[in-house]
Amino acid sequence: MSLTIQEIKNISCPDGKSQIKRSDGNNLFLLVKSSGAKLWRLRFRHAGKYQEMALGKYPSISLSEARKLAEEARASLINGINPMDERRERKRAKTTSKDKLFETIALKWWEQQKDSWSEDHAARVKRWLQIDSKTICNLHIEEIDAGHITELMLAIEAAGTPKKAPNILAVINRVFGYALAHRLTRSNPAQGLPLGDIIKPLPPVKHRAAIVKPNELAQLIKDIDLSQSGNYCTIEALKLIPRVFLRPTEIRNLKWEYIDFDDLLIRIPAETMKKKREHLVPMSKQVALHLKEIKEVTGYSQLVFPNERDSSKPMSKNVLTNRLRDLGYPADVMSAHGFRSTASTILHEKGWNSEVIEVQLAHLTGTATSRAYNRSLYLAERKKLMQEWANYLDELSNKE
């Protein structure tokens, strides 16, 4: 007798037994466990041996679904195929297919590359791959063609973030390069794709806002040095950044172990720097005194400017720029990163050697061989430059 839906619902394993079987006919049966679990099984013979195939658990697999699965298995047997072997092969193929999804391959490439990037950049690239490129993430890498990537670029433009498009296209190109090298695909549809013909031309690059006129800089330095309202670390970090030529992220991650008060040097390790090269910052007398005063307050932390909620972490992003906004300097007038441009412009106007300035800004200069010595290149001149710059800012700040 075939099973009925009501019978299946009501059936239970009698006390004292671990399990019972209830047949639906044609070797399909329901295995009822003492635990209450109800499991579909199909008994069949293949190559002279009897086997049992699990078809799933009731009610996830209904009576009609179990009968359909059993019928498909019998069809395989008629063709001389073991349905269990066939199912294992499908699972293996499915796993292999998942290994060739764009997202799977992209994350393998990301894992390989991430240690060569800053933590912020690694997180940014991962977002580009998993969020901004989500329309191709679940596609088999060999299915992706130039049309898919074109549609992705247009979607990025339509989302109002066209500036991301060149970076994301470059990352996708590198992922396909990785896939080619590992024989996961035979083509790279991102290579040579003319982005300029796909989306509208991007507007000219706008450099970060920076004050470069001495009278305006004088007012800015006064505003920074005299204002005391707000978070201590933010106030002191903004006082320091115009005087050391460092990027905001380098200021945020500055540690006391980098600071040598005896030699008047800040030694920033390669992994902290944008260009992944150790960088030396000569300290003027004013900067050294300023840092000694800060150490009396934040010396309990490894960081010069710790987060006020968790001293093991640096202060939050954008706090320096936000501080400038609070002081009345909008985004199109001055940025925290702009102090580097300010110093470069004015020092060039004062006649300082361009190479000395560029090295102090931690820019790449000269040949690969000469760059290997940039850590201490022009160090004597840079010490003079940093002291003269500190004196210059003091003069501006003291002007009536």
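Here is a short walk through this structure, from the whole chain down to a few of its parts. Keep in mind that the model is predicted.

Let's begin with the overall picture. The chain has 17 helices and seven strands. How does its radius of gyration compare with that of a compact globule of 400 residues? Such a globule would come out near 21 Å, but this chain has 33 Å. Of the 400 residues, 42% count as buried. Now think about contacts between residues at least 6 apart in sequence: 57% of these join residues at least 24 apart.

Next, find helix H4, which covers residues 102–113. Angles of 65 to 115 degrees count as roughly perpendicular, so that is how H4 lies relative to H8. On the H4 side, the contact is made by Phe102, Ile105, Ala106, Lys108, Trp109, Gln112 and Gln113. H8 brings Val171, Ile172, Arg174, Val175, Phe176, Tyr178 and Ala179. Sorted by class, this contact has ten nonpolar residues, two polar ones and two charged ones.

H4 also packs against helix H5, residues 119–132. Here the axes are 10 Å apart and the angle is about 170 degrees. Because angles over 145 degrees count as roughly antiparallel, H4 is roughly antiparallel to H5. Phe102, Glu103, Ala106, Leu107, Trp109 and Trp110 of H4 take part in this contact. From H5 come Ala122, Val125, Lys126, Leu129 and Gln130. The classes here are eight nonpolar, one polar and two charged residues. If you compare the two lists, you will find Phe102, Ala106 and Trp109 of H4 in the contact with H8 and again in the contact with H5.

Finally, move along to a sheet. Which strands form it, and in what order? Three strands make an open, antiparallel sheet in the order S5-S6-S7. Strands S5 (259–260) and S7 (279–282) are the edges, each pairing on one side only. S5 is joined by two bridges to strand S6, residues 265–268, and Asp260 stands opposite Leu265 in S6. Helix H17, residues 379–398, packs on this sheet and touches S6 and S7. The direction of H17 makes about 45 degrees with that of S7.

Definitions and conventions: Residues numbered from 1 in each chain as written. Predicted model: local features only at pLDDT ≥ 70, side-chain atom pairs only at ≥ 80, totals over all residues. Heavy atoms only, no water. Axes fitted to C-alpha atoms, helices over the stretch in contact; angles between N-to-C directions. Helix = DSSP H or I, 4+ residues; strand = E, 2+ residues; numbered from the N terminus. Parallel < 35°, antiparallel > 145°, perpendicular 65-115°, else oblique. Contact = heavy atoms within 4.5 Å. Nonpolar A, V, L, I, M, F, W, Y, C, P; charged D, E, K, R; others polar. Pairing = 2+ DSSP bridges. Rg over C-alpha atoms; globule rule 2.2 N^0.38 Å. Buried < 20%, exposed > 50% of the residue type's maximum accessible area, 1.4 Å probe, protein only.
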